Amino acid sequence: MAQDSDLTFTGRLAGLAGAPVRLLFRMLELPLAAIQRGIGVRKMPWIFLLPNLAFFGLFVILPLFINFFYSLTGGIQLFPSDRPFVGTEQYGFLLECENITDPQTCREDRFWKGIYNTLVFVFFQVSFMVLFSLITALILNREIRARGFFRAVFFFPVLLSPVVVALIWKWILLRDGILNAFLVSIGLDKILFFVSPEWSMFWAIFVSIWAHMGFYTLILLAGLQAIPPDLYEAAEMDGTSSERVFWRITLPLLWPNMLVVIVLALIKGVQIFDEVFVLTGGGPGTATQFIVQYIYNTGFTNQVQNFGLASAASVVLGVALFVLTMAQLAATRRKDDA
Amino acid sequence: MIGKFKLLLGTCALALGLSTGAALADTELRMTWYNDGIEGEVMQGLLDRFEAENSDITVVLDVVPYKSIIESLPVQLAAGEGPDLARVTDLGGLSEHYLDMTPYLKDANYWRTNFGPFLKWLDPDGNAINGFMTQLTVTGPYINKTLFEQAGVALPGNKATWDDYATAVNKVADKLDIPIPMAWDRSGHRVSGPAIAMGAKMFDSAGNPALVDNGLKQMAQRLYDWHQDGTMSKDLWGSVSGSAYLGANEDFANAQTVMYMSGSWQIPQFAETIGDAFDWWAVPAPCGPAACTGMPGGAALVGLAGTDHPEEVAKLMDFLAQEKQLSEFYGKTLFIPGHLGLAESGVDFDTDDPRAKHALSTFSAAVPGISPVAFDLQGYANNRVMFNALISRLNEAIVGELTLDEAYERMTSDVEKELAEKERN
């Protein structure tokens, strides 16, 4: 019976699409019906998923395993069969530290400096980005003049390539850039922004927030607009203060969107590379060198391209991201259960 | 009528067959190239001439940024996906990927006679013929002579030391309010010449790399001090990380720095960008207790082993390496010739710019004074491992992340680590 209704639906579709598609569907009907008889109706979805799974597996799952295999090998050859197996040596090299809080005591000090910098970046970038995105979304959700225009303005940087974003800000911040020209014009001294570690980190965080905030604002704005207006009307009738409305209605109902924003921002923050690489080059010294840049340098820019060590570092990064994702899933599930 | 039609049909079929045959016989060679100045245009002119003489071979000149030559090309080659030819500067480091053209060349002796000493830079372990030097380079400083004259400060003489220059450029900068008294390319290759002048040996008695010694420390200490006292701007060396290259050519061209340590390859660029805006002079390499030396170097055009057309690559290289072509190439690009015959007979450099001529003669005159240690280092296949360790760790000391002593320890361990990884295969 189910089969009949499926065929009717298929026939209807085919009728819409014209003769060639109709022919294709007719050709597929027989083999699909045969497969369904063979494996049963419940397993049929797997047949349709198979092409996508094969594609995904080939280009995502398989590379993950290849990367893990590389992390267990050494030498400089690119082809797997040419690389000597070294077990967990690369991981041991990465994790060998006298004092884990001081990167200089670690054998691979730049790996730990990359982790330390990434944590600092993620902490400040995610905190401020979520805060600013929320404030912006709350403002853009109100009936203000030119609301559509401002929504577009805040979203515009998201459309730019990270390299373009970084180059724009580099021109602003260089020794002879626009900002220093302005400082000099009002009688102040130039500031060498990319020479001070603190300034470099500040601008890395600022530019990243500037570039990505619009995307998160959009998610929060969608969440705000999904909150039923009658809740606010009831609160208004009760004479509830706007502060209480925010804490008791807006924030709890916006929480699922907030959670998505936080986790997405965390994952994106841990993966930070392109715009900061163009903006500061990782400098001064290693002040803005993040974990992904460490992997890139180790695997590609050094004369001896250490793919094994780079792969081991990327496995560590992958594990960290996996933990973050699991935490998000757990938190979401708890919220759904509640 | 039918006969005429058949004749027409037959002619068309023949023409189609011939043109298809010709198309099938066409060979396309890809040459990866980067530009310091105008050499891409000059090379394209030579390639056009080659194609006119060899209608079955097409050469595509892929001009890429220098960074791609350093970072992307090695990965391409390791994956077996490289071009047929490339212009490279990591001469020995990429040697395993070069094509030995010896069996395909018209006259291998011509190559050995005219490119002999440089062939070993490309193939440190063997006797292969892989390519030729598109230019020889010598590292050394440029000064803004106009600023010296405006400030009334005398130019340090021929045997002046780096300290003499540091004192002089600071005086000029103070008097004229120039933001950067001295700038160096952020490059280990650039630092190595002055370090050798201070007595750095670079190798131990067994010929193994030994980067850190008293000579290197002497120069590293100076670079550190100059960054702290403002002789050099942290903005140039400090604003990037790792072994990233950063040049100060724009600062020099914009008269933002009094002295610029770079090399002979900047001549055509300065001739074009600075022109006669001010007097830019190349000066002899400043001295240390051990020598007055820069580093030799250069870029080479090499055939690559991954090519499917080794004969055609050799044919093209044979064409480009002839004296007629190279004389035109060096003359137009203002490059120091890497061809012994032309070096002896002289190249008619295509410039009336007295500054460019002066710079060319200064760098040419510097060649005999280059230290043997510098030649050994240039010929060492893994020299970039040493250069990168030097530049990245010294930089971390300059910006205050490491002490100089910690930086020296890290330089040594970085070199050991990378070489050990390389030898594991």
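**Exercise 1. Helix 2 against helix 12, chain B**

Task: In this predicted model, state which residues of helix 2 of chain B meet helix 12 of chain B, and how the two helices are oriented.

Solution: 
1. List the contact. Helix 2 of chain B contributes Met43(B), Leu46(B), Leu47(B), Arg49(B), Phe50(B) and Glu53(B). Helix 12 of chain B contributes Lys315(B), Leu316(B), Phe319(B) and Leu320(B).
2. Sort by class. The contact of helix 2 of chain B with helix 12 of chain B holds seven nonpolar, no polar and three charged residues.
3. Take the geometry. Helix 12 of chain B spans residues 310-320, and its axis lies 11 Å from that of helix 2 of chain B, at an angle of about 120°.
4. Classify. Angles from 65 to 115 degrees count as roughly perpendicular and those over 145 as roughly antiparallel. Helix 2 and helix 12 of chain B are therefore oblique to each other.
5. Helix 2 of chain B passes helix 12 of chain B in a right-handed crossing.

**Exercise 2. Helix 2 against helix 13, chain B**

Task: Find the crossing angle of helix 2 and helix 13 of chain B, and name the orientation.

Solution: 
1. Locate the helices. Helix 2 of chain B covers residues 39-53, and helix 13 of chain B covers residues 323-333.
2. Read the values. Their axes come within 9 Å and cross at roughly 155°.
3. Classify. The cut-off for roughly antiparallel is over 145 degrees, so helix 2 of chain B is roughly antiparallel to helix 13 of chain B.
4. List the contact. From helix 2 of chain B come Glu39(B), Val42(B), Met43(B), Leu46(B) and Arg49(B). Helix 13 of chain B supplies Lys324(B), Gln325(B), Glu328(B), Phe329(B), Lys332(B) and Thr333(B).
5. Sort by class. The contact of helix 2 with helix 13 of chain B has four nonpolar, two polar and five charged residues.
6. Helix 2 of chain B passes helix 13 of chain B in a right-handed crossing.

**Exercise 3. Helix 8 against helix 18, chain B**

Task: Describe the packing of helix 8 and helix 18 of chain B.

Solution: 
1. Helix 8 of chain B is residues 214-229, and helix 18 of chain B is residues 404-423. Their axes come within 11 Å and cross at roughly 130°.
2. Helix 8 and helix 18 of chain B are therefore oblique to each other.
3. The crossing of helix 8 of chain B past helix 18 of chain B is right-handed.
4. Leu216(B), Lys217(B), Ala220(B), Gln221(B) and Tyr224(B) of helix 8 of chain B touch Leu404(B), Tyr408(B) and Met411(B) of helix 18 of chain B.
5. By class, this contact has six nonpolar, one polar and one charged residues.

**Exercise 4. Local geometry**

Task: Characterise the link of Cys97(A) and Cys106(A), the bond from Gly283(A) to Pro284(A), and phi of Met202(B).

Solution: 
1. Cys97(A) and Cys106(A) form a disulfide, with sulfur atoms 1.8 Å apart. The angle about the S-S bond is 105°, and the link is right-handed.
2. The peptide bond from Gly283(A) to Pro284(A) is cis, with omega near 0°. Pro284(A) sits in the loop between helix 12 and helix 13 of chain A.
3. Met202(B) has phi near 70°, a positive value in a residue other than glycine. Met202(B) lies in the loop between helix 7 and helix 8 of chain B.

**Exercise 5. Confidence**

Task: Where does pLDDT stay under 50?

Solution: 
1. In chain B, the stretch is residues 17-24, with zero contacts beyond four places in sequence.
2. In chain A, the stretch is residues 1-5, with two such contacts.
3. Where pLDDT is low, predicted coordinates should not be read in detail.
4. Mean pLDDT is 90 for chain B and 88 for chain A.

Conventions
Residues are numbered from 1 along each chain as its sequence is written. Chains are lettered from A and ligands numbered from 1 in the order in which they are written. This is a predicted model: local features need pLDDT of at least 70, side-chain atom pairs count only at pLDDT 80 or more; totals for chains, interfaces and linings use all residues. Side-chain values use heavy atoms; hydrogens and water are left out. pLDDT is the predictor's confidence in each residue, from 0 to 100. Contact means heavy atoms within 4.5 Å. Axes are lines fitted to C-alpha atoms, for helices over the stretch in contact, and angles run from 0 to 180 degrees between N-to-C directions. Helices (H or I, at least four residues) and strands (E, at least two) are DSSP runs, numbered from the N terminus. Angles under 35 degrees count as roughly parallel, over 145 as roughly antiparallel, 65 to 115 as roughly perpendicular and the rest as oblique. A crossing is left-handed if the near helix is turned anticlockwise from the far one by less than a right angle, and right-handed if clockwise. Ala, Val, Leu, Ile, Met, Phe, Trp, Tyr, Cys and Pro count as nonpolar, Asp, Glu, Lys and Arg as charged, and the others, Gly among them, as polar. A disulfide is a pair of cysteine sulfur atoms within 2.5 Å.
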